Amino acid sequence: MNVIIFGPPGAGKGTQAINIVKKFGLFQVSTGDLLRNEVKNKTEIGKDIENIISMGDFATDEIVNDLIERVIFDPQKKNKLIFDGYPRSLKQAENLDELLSKSFQKINFIFFLNVKKETIIKRIERRKILENRADDNISTLLKRFDTYMETTKPVLDFYSKKPNFHEIDGDKKIHEISSKIEQILSV
Ligand code: AMP
């Protein structure tokens, strides 16, 4: 099966994706991680991406779509993908549909982690200490939240009409969210 996990920055997408990877043997596809890797490896696009990420802006659809294509066509990962942080725009959602249909795959489950802004601010403050991410400060977070609302909300509206869409209360404790997701995936 292929899964999308959706939600604003700090909603806990990464944490839940890692749990699903462990329990269901899927591969996590985090576009944030793929982009940070480009920065770490100092690739040509990495230099531009560094600024974009630290400002709380989005990488271009072209860059992200290119990175995602390699993963979707990896035969070892076929029908074992969990998308974390992708798609974030309608253009990316269309690209995903196209790549999946070309590779004879589909999305089986879409989870939306719905979280209050206050909860996110608390979580980001904690993550900043634990992971030391350059984009984890309050002003960048608020920028990322606004960017999310503007660009990603239409994607959410698009997916929320699908029958395999599940809204999860992301303010709950990590293990409560995990068990809710596991329960749906196990049916
Ligand atoms: P994340 O690790 O998912 O929170 O992503 C960190 C940052 O990477 C985001 O704030 C964006 O700047 C960038 N990013 C990650 N995924 C995408 C995407 N699908 N499209 C555009 N930019 C992205």
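Contact here means heavy atoms within 4.5 Å. The points below concern a predicted model.

1. **Surroundings of Asn-2.** Asn-2 belongs to the segment that precedes β1. Neighbours within four places in sequence being left aside, Asn-2 contacts Asn-79, Lys-80 and Leu-81, as well as Leu-100 and the residues Gln-105, Lys-106, Ile-107, Asn-108 and Phe-109.

2. **Burial of Asn-2.** The relative accessibility of Asn-2 is 0%, and the residue therefore counts as buried; the cut-off for that class is under 20% relative accessible area.

3. **Polar contacts of Asn-2.** Two of the residues listed in point 1 also take part in polar contacts with this side chain. The backbone nitrogen of Lys-80 is reached by the side chain of Asn-2 at 3.2 Å. The side chain of Gln-105 forms a polar contact of 3.2 Å with the side chain of Asn-2.

4. **Pairing of β1 with β4.** Strand β1, residues 3-6, runs parallel to β4, and 4 bridges join the two. Within this pairing, Phe-6 has Phe-112 of β4 as its bridge partner.

5. **Pairing of β4 with β5.** Strand β4 also pairs with β5 (residues 165-169), in the parallel sense and over 5 bridges.

Key
Residues are numbered from 1 along each chain as its sequence is written. This is a predicted model: local features need pLDDT of at least 70, side-chain atom pairs count only at pLDDT 80 or more; totals for chains, interfaces and linings use all residues. Side-chain values use heavy atoms; hydrogens and water are left out. Two strands pair if DSSP finds at least two bridges between them. Buried means under 20% relative accessible area, exposed over 50%, partly exposed in between (1.4 Å probe, protein chains only). A polar contact is a pair of N or O atoms within 3.5 Å; within protein, one must be able to donate a hydrogen and the other to accept it, and residues adjacent in sequence count only if both atoms are side-chain atoms.
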